[in-house]
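Okay, everyone, let me put this one up on the screen.

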Amino acid sequence: MATKDLRDRSGDAPDIALETRALSVYYGESAAVNDISLTIPRNRVVAFIGPSGCGKSTFLRCFNRMNDLIPAARVEGEVLFRGTNLYAHDVDAVEVRRRIGMVFQKPNPFPKTIYENIAFGLRINGFQGKLDEQVEHSLRSAALWDEVKDRLQESALELSGGQQQRLCIARALAIEPEILLMDEPASALDPIATGKIEDLIRDLREDYTIVIVTHNMQQAARVSDYTAFLYLGELIEYGDTDRLFTNPREERTEQYITGRFG
Amino acid sequence: MSGERFRPARDRRRRVGAIFRMVCLVSIGFSMLVLAILLVDVARDGLHWLSWDFLARYPSRIPERAGIKSAILGSLWMMGLTAAISFPLGVGAAIYLEEYAPRNWLTRLLQTNIGNLAGVPSIVYGILGLAIFVRFFGFGRSLLAGAATLALLVLPVVIVASQEALKAVPSSLREASYGLGATKWQTIRHHVLPMALPGILTGMILSLSRAIGETAPLIMIGALTFIAFSPTSPMDPFTVLPIQIFNWTSKPQAEFHDLAAGAIIVLLVVLLVMNTGAILLRNKFQKRF
Amino acid sequence: MTPLDLGHRASRRWGERLIALLLFGCGIISVLTTVGIVVVLVTESAGFFREIPIAEFLTGTRWSPMYSEQHFGILPLLNGTLLIAAGSMLIALPVGLTSAIYLSEYASPKVRAAIKPILEILAGIPTVVYGYFALTFITPLLRTAFPGTGIFNAASGAIVVGIMIIPMIASLSEDALNAVPLSLREAAYGLGATQFEVSTRVVVPAALSGIVASFILAISRAIGETMAVTLAAGATPKMTLNFLESIQTMTAYIVQVSLGETPHGTLEYRTIFAVGLVLFFITLAMNLLGQQFTRRFREVYE
């Protein structure tokens, strides 16, 4: 079956990693995400904030078509990646997810060894290089190598929660995605582990575009370059993080960041 | 860059996936097909034997005169007696385990033991029934000996189903009753049991539908296969539908095989009625919570 | 005013105690059942083993208690039982597991709701009916395909026992697959895995101990299965691996003796308790092993 090659660079705007055009997601009749258009710049960290149930996770899951797995979800509009609409009929969701990696809310390592957790994605995607080198490289990128280098053959479930989450990040990085989606990656972790993840996000910005969903406004302020505020499925305000937190243009944004609702 | 580092071979993987999905579908289809063939096979052989006379006549050495009256009556007796023995014991054990039992080694032993008994082959229960009920208690090769054996056989099913039903009763109901000054037994009798009853009944029907098809344990305790009279007391010798089916199937003549098919149709219809009843009861039960 | 009386009501207290005691009595019946099984099998077998050495019983390759030249080696019966168990697993294991994968990973809720009752029906059909089916449908089919096949043969029994335990494996394995958290599936999809890869390389390995438990319990069930093999597989204890020959299982032997005229108390009659003892211990060991795997599985995911 011929599917559109996502490596095709035609129509590629140089500094835009992702763009949504009039994107809506429906669960049955109700819209969880309503008509959102925005652009995600390359090699930047973009945070989505908003009260729980505002549609920020659903929106994030459009970028690698994870919503396909929910039978009731219906997506309208476009998500452009390298000039290709990810929701076009000839695009293979499996290939999308290899190019656009994801880290989930709760650490979800496979019940296998630490090594096999990383190697899984490499094996299924036909990695051509040396497996051991790539595993080490990924674990170093996720700042986990020193902690686990002597116990690669132990079960990943033996690691602490924070280590497990960094393993999941390493697992996503191993298959060399261009974009990393993070769905509240620190919400299940203690403050120290959270701090390590945040340091890691700042380091990873050099090589990746990162979109992070968080319900923690301080976290958004600490790690992101741009912030989008979503409320009831609508994009209320989107802009430079420092500006949005110090001088919001919308009243609802101000109310939210000053803690008056949410 | 990544185009050289990864060769995802998507088309091949998609093909493998499609083949595997087809294999799984064929597997499911196999079971459906077997069930269909089995039903058609039985119906083709046995349907033309079904008549009022077939139900109302006793077994005979001449196929044309043979019927399943004594087998039907035996199965009815057997169901009634098995229910009468296993239900009080099973529900009582479930109440003990859920409402009374302390959390100690004895309770754990009871629970583990029930799990293990469910996996004991039914013919081993037959050996037990033969030694205990037929000989030791002197019930002889009677309905009572058979029913006592089958009651022990289905006891784990009754206990586990009743335990599930009791677990589903909210503890707030018990507290409300205690708060009104009721004793433990009053609480259980007037509040917990009525609420758990549909679930318990469902388990009972399912356990009886297991018992009605059992053959091996009853052969062990010596159920006769040629009974040309109706049992009138629990101490009478007996035959039941599955044993009549076994008897006719093991004869070499094809006419007897067809008689067996006729009896199988009757047995399957009875089972269908029982299971439909259980499902209806279960649905009604689920709606209430 | 009468003084406040918070003392026990004696009659009520004794009533409550009596009820608790009765209920405990019901609970203890199941333990007595197990004790009864063990005591009956062991004491009756003891009489048998006084005359036949255990070593001869366990290692003898000929079983002919009813013939004038008597032999009491259980191996031919074990051979027959294992032949049926192995043959039935050859069918039930792949079909049951792939059915479970289909139900858990591929089927829509509607399809699943339609298929599961059909599997329950299959599981609820009495074993004597399967015996009839084997003898009147499967055996003629086999005899057409392989002309040398006997009327009674191991293959027919193994096939029908396999069919019988498919629902058990499918249902228990599906429970195990369903217990694997959605987050693991999402993790694999997020790495660009196809549904096939998610199912076979993540979900099945994660559910493995639960799946193994279903296999073990199914083998135990196949070993204890009686009526279908009595009707279809024959009454010829022998050491063979040929599925097209007539054999005899331990269970079928016990039925054969109890159908016959063997007088109670004789050595021939006591064989059924010795064979029953072996059968009981094999199935008990497998059930305990199966429960061990189930427990290990629950510890990970519950």
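So, chain C has a radius of gyration of 25 Å, whereas a compact globule of 302 residues would come in near 19 Å; that's taken over C-alpha atoms, and the globule rule is 2.2 Å times the number of residues to the power 0.38. Its C-alpha trace spans about 90 × 70 × 35 Å along the principal axes.

Quick housekeeping: this is a predicted model, with local features needing pLDDT of at least 70 and side-chain atom pairs pLDDT 80 or more, while totals for chains, interfaces and linings use all residues. Residues are numbered from 1 along each chain as written, chains are lettered from A and ligands numbered from 1 in written order, and side-chain values use heavy atoms, without hydrogens or water.

What is chain C built from? Twelve helices and zero strands, where helices are DSSP runs of H or I, at least four residues, and strands runs of E, at least two, numbered from the N terminus. Of its 302 residues, 55% count as buried, meaning under 20% relative accessible area with a 1.4 Å probe, protein chains only.

Contacts next, meaning heavy atoms within 4.5 Å. In chain C, among those between residues at least 6 apart in sequence, 71% join residues at least 24 apart.

Now over to chains A and B. Chain B brings twelve residues to the contact and chain A brings 19. B:Arg5, B:Phe6 and B:Arg10 supply 47% of the area chain B buries against chain A, more than any other three residues; buried area is the accessible area (1.4 Å probe) that two parts lose on being put together, summed over both.

Definitions and conventions. Buried < 20%, exposed > 50% of the residue type's maximum accessible area, 1.4 Å probe, protein only.
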